[in-house]
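Trainee: Could you take me through one part of this model in detail? I would like to begin at the start of the chain and then see how other parts look beside it.

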Amino acid sequence: SVACAIGVSATYGAPIGGIFFSLEVTAAYFLRSGFAKCFIGSLTAAIVMKTLSIKIGKSAGYYFSIFYTHFDTISYHPVELFFFALVGVIGGILGQLFVRMFETIVLWRRGNKIVSQSNYIYSVVISFGACLLSFPFWNFTRFSALSTLHDLYLNEPLQNNPKSNADWDVYPGLFFNLIIYIIVKMVVCAFSITCPMPSGMYSPVLSTGACVGRIVGEIVLMLFPDGIRGTHITPGGYAVVGAA
């Protein structure tokens, strides 16, 4: 829990967010002693990053953060809090679906003697299925989570954006492709973490949540192309909220 809090605090510059994220993801039971350790570690990481930024003369996140973002000082209007809450609601629903899917896969594997006793064959089949879903059909599912988050965190719309790594606006359209990405990542991740080997869950969770936020952000930008009372709509900000 402490390591997770430190990592989130250093990566995103959000010590409070790091504390709650670590307790939510890694702590099976809430312990007051663990909370104190998370608080000290997360605060120390934030202080170190801030000190480095002062010594270097630029934002420390520019040099050390994996997912560096840059938004306006006042990057949202209070009206947008409703849409931020909507991102949270959708993320909660998808999280529940993911847990149910993972539970179904685990129970199916435990009840099937052939599958439960053939770890190597099971891993090979899951790896082949993941490659089959990710590579042949769509360009945007081939990139790493780092490249995907770079695209989703862009301040500008993804349609015809020369800064993006993937082709998000190809047929059948931006929103459909974002939904495809969410479905593919959820299915691949649910099966992969049942393999008897480290598969990784942190990056798929971030990219899937960022994709949900990006969909909402793009819709809000379509509804308010000129912004809300002088405040520009930043779709990348919604992606950051969704990832968090």
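Mentor: Happy to. Let us begin with helix α1, residues 2-12, where Cys4, Ala5, Val8, Ser9 and Thr11 are buried. Buried here means under 20% relative accessible area, exposed means over 50%, and partly exposed lies in between, with a 1.4 Å probe and protein chains only. Helices are DSSP runs of H or I with at least four residues, strands are runs of E with at least two, and both are numbered from the N terminus. Please keep in mind that this is a predicted model, in which local features need pLDDT of at least 70, side-chain atom pairs count only at pLDDT 80 or more, and totals for chains, interfaces and linings use all residues. Residues are numbered from 1 along each chain as its sequence is written, and side-chain values use heavy atoms, with hydrogens and water left out.

Just after α1 comes glycine 13, with a positive phi of about 65°. Helix α2 covers residues 15-25 and includes glycine 17. Glycine 17 counts as partly exposed because its relative accessibility is 35%. Alanine 5 is one of the buried residues of α1.

Now for the wider setting. The protein chain has eleven helices and zero strands. Of its 244 residues, 38% count as buried. Taking contact as heavy atoms within 4.5 Å, residues 24 or more positions apart account for 63% of the contacts with a separation of 6 or more.

Another place to look is arginine 109, in helix α5 (residues 81-111). Arginine 109 is buried but has no salt bridge, and the nearest side chain of opposite charge, that of glutamate 103, is 16 Å away. For charges, Lys and Arg count as positive and Asp and Glu as negative, while His and the chain ends are not counted. A salt bridge is a side-chain nitrogen of Lys or Arg within 4 Å of a carboxyl oxygen of Asp or Glu. Leaving out residues up to four places away in sequence, arginine 109 touches Val115, Ser116, Asn119, Tyr122, Thr194 and Pro196.

Finally, phenylalanine 35 belongs to helix α3, residues 32-56. With 32% relative accessibility, phenylalanine 35 counts as partly exposed.
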